[in-house]
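Good morning. I have one structure for today, and I will keep to how its chains meet.

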There are 2 protein chains.
Amino acid sequence: AILEALHQAYQRDTTPKPAAGLRITVTAGPTREPLDPVRYLTNRSSGKMGFALAEAAQALGASVTLISGPVTLETPHGVRRVDVTTADDMLAAAQQSVQKGCDLFISSAAVADYKAASYAEHKLKKQNGEETLTLTLVKNPDIVATIAAGERRPTVVGFAAETQDVEHYALDKLTRKKLDMIVANQVGANEGFDSDDNAVTLYWQAEGGVKAHELPLQSKVSLAHALLHEILRVNAASLAPAAQ
Amino acid sequence: AILEALHQAYQRDTTPKPAAGLRITVTAGPTREPLDPVRYLTNRSSGKMGFALAEAAQALGASVTLISGPVTLETPHGVRRVDVTTADDMLAAAQQSVQKGCDLFISSAAVADYKAASYAEHKLKKQNGEETLTLTLVKNPDIVATIAAGERRPTVVGFAAETQDVEHYALDKLTRKKLDMIVANQVGANEGFDSDDNAVTLYWQAEGGVKAHELPLQSKVSLAHALLHEILRVNAASLAPAAQ
């Protein structure tokens with residue numbers, strides 16, 4: 001155990017820190033949109049990808065803020081964690097983090113697109129006669145687009161988790177939301193969610209058009225490191241001044 | 001550690017087993033009602049109360065089946081666990097368990113009352129123009145009432161988690177769903193859900209009217225033992241033949 005600790009300490013000291021000096025904010029997990037004190041609408045998301053990104057960013061030398069929806073994961077060592085429930089909460093935390101100073105914003109959270117139009121203070125009762133219930137939902141704020149449109153704009157990386165036409169939707173999101181990069185993630189009824197592994201494609205605008213970089217199936221921990229290296233490489237010019 | 005193991009083994013052998021020979025089924029956790037491969041409607045429920053009941057029932061000598069919605073809890077030692085997602089799944093598992101032979105059915109799951117009228121095979125896309133989304137939900141089956149109305153009817157204990165008028169709703173459920181007992185649980189925006197503690201009141205019909213037994217705030221593990229002892233005591237007559 002002592003040898004192991006020494007080995008780890010040695011590794012810590014000799015590992016290159018390409019993100020040293022960078023302030024990175026990562027959003028992770030789902031958001032929960034309550035209908036009443038008992039019921040809520042949410043998205044499937046374990047938070048594993050976002051937590052792996054936060055951990056990798058910290059290991060690469062960055063100062064990391066992790067804004068997380070309700071998940072059952074341990075906070076990575078050395079990472080500042082902010083817990084939120086709803087998309088509105090997450091937006092507020094994201095804006096605060098950017099205001100405090102953020103060079104790179106990675107939006108990996110599965111934010112619920114819609115919330116209940118009205119929240120019931122007490123548990124909604126099932127009515128005996130009624131076989132159907134109509135729920136009116138309103139749009140949630142678009143967190144990654146709001147951050148990308150802000151005055152103090154960090155480098156912004158979004159995620160697109162789609163069950164079909166992933167590339168199409170990812171490229172649409174990249175341009176429409178004015179992101180610097182997008183991570184396209186094919187998901188299905190039984191893939192990509194609770195798994196420890198994932199495969200993604202990274203897209204970004206470059207001179208001469210959209211560039212793509214495929215990252216094959218691997219553990220989310222390994223994928224997080226690969227993603228960060230690629231993000232830092234492609235955005236070296238915009239991220240460099242902050243790193244000094 | 002050896003002394004502790006011996007002590008535990010000694011305790012195991014000398015602990016009274018009032019549930020010996022009984023087949024007990026417990027439902028626990030929330031159900032998840034998918035709207036599409038990504039989004040779902042659910043209830044707040046950690047599953048802790050149901051898992052504690054299953055563990056206590058096993059410790060008291062019963063043969064236990066635990067039907068659980070999506071939770072992040074370890075299966076109690078010696079308990080047969082069936083994992084389900086939706087209310088429809090949970091009903092099927094409950095009916096199968098009763099068909100195989102069940103003396104006592106404890107419904108502690110927070111079953112979603114409604115599910116999406118139609119499930120979208122692919123992720124529903126947020127439409128740019130539309131600020132609201134109308135969701136049509138249909139009623140889920142009433143699991144505890146269905147089991148209580150079945151031909152091979154076990155002793156049936158339900159739960160009523162309410163944010164207000166708990167006694168009123170609990171007594172209504174007890175009679176309307178023809179349950180043998182009901183556990184009334186006051187919950188709120190911030191109480192009774194993820195907590196390790198809980199306080200409940202148990203109601204049942206007896207000669208001369210409804211009887212009540214209050215169990216004050218205590219750990220869910222301790223509460224589970226107290227609840228089971230009371231359930232076994234009150235239903236001794238109907239549960240006795242099966243125990244022979």
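Buried area here is the accessible area, taken with a 1.4 Å probe, that two parts lose on being put together, summed over both. The size of an interface is often given that way. What you have on the screen is a predicted model. By that definition, chain A and chain B bury about 4,000 Å² between them. Carbon and sulfur atoms carry 51% of that area.

Next, the residues. On chain A, 40 residues are in contact with 40 residues of chain B. Of the interface residues of chain A, 100% are interface residues in chain B as well, so the copies meet through the same surface.

How are the two copies related?

Strand 3 of chain A and strand 3 of chain B, residues 39-43, run antiparallel and are joined by 5 bridges. One of the partners to look at is A:Tyr40, whose bridge partner in strand 3 of chain B is B:Thr42.

Now the polar side of the interface. The rule finds 11 residue pairs in polar contact across the interface of chain A and chain B, with both residues at pLDDT 80 or more. Which elements of chain A supply at least two residues each to the side that touches chain B? They are strand 3 (39-43), strand 8 (132-139), strand 9 (155-162) and helix 5 (166-176). Strand 8 of chain A gives the most to that side, with 8 residues. By type, the residues on that side of chain A divide into 15 nonpolar, 12 polar and 13 charged.

Last, the charged pairs. Side chains of opposite charge can pair when their charged atoms come close. Between chain A and chain B the count is 4 salt bridges. B:Glu131 forms a salt bridge with A:Lys139, and the closest N and O atoms are 4.0 Å apart. Over all chains, the count comes to 22 salt bridges. The pair crosses between chains: B:Glu131 is in the loop between strand 7 (114-116) and strand 8 (132-139) of chain B, and A:Lys139 is in strand 8 of chain A.

That is what I have; questions are welcome.

Terms used: Residues are numbered from 1 along each chain as its sequence is written. Chains are lettered from A and ligands numbered from 1 in the order in which they are written. This is a predicted model: local features need pLDDT of at least 70, side-chain atom pairs count only at pLDDT 80 or more; totals for chains, interfaces and linings use all residues. Side-chain values use heavy atoms; hydrogens and water are left out. Contact means heavy atoms within 4.5 Å. A salt bridge is a side-chain nitrogen of Lys or Arg within 4 Å of a carboxyl oxygen of Asp or Glu. A polar contact is a pair of N or O atoms within 3.5 Å; within protein, one must be able to donate a hydrogen and the other to accept it, and residues adjacent in sequence count only if both atoms are side-chain atoms. Helices (H or I, at least four residues) and strands (E, at least two) are DSSP runs, numbered from the N terminus. Ala, Val, Leu, Ile, Met, Phe, Trp, Tyr, Cys and Pro count as nonpolar, Asp, Glu, Lys and Arg as charged, and the others, Gly among them, as polar. Two strands pair if DSSP finds at least two bridges between them.
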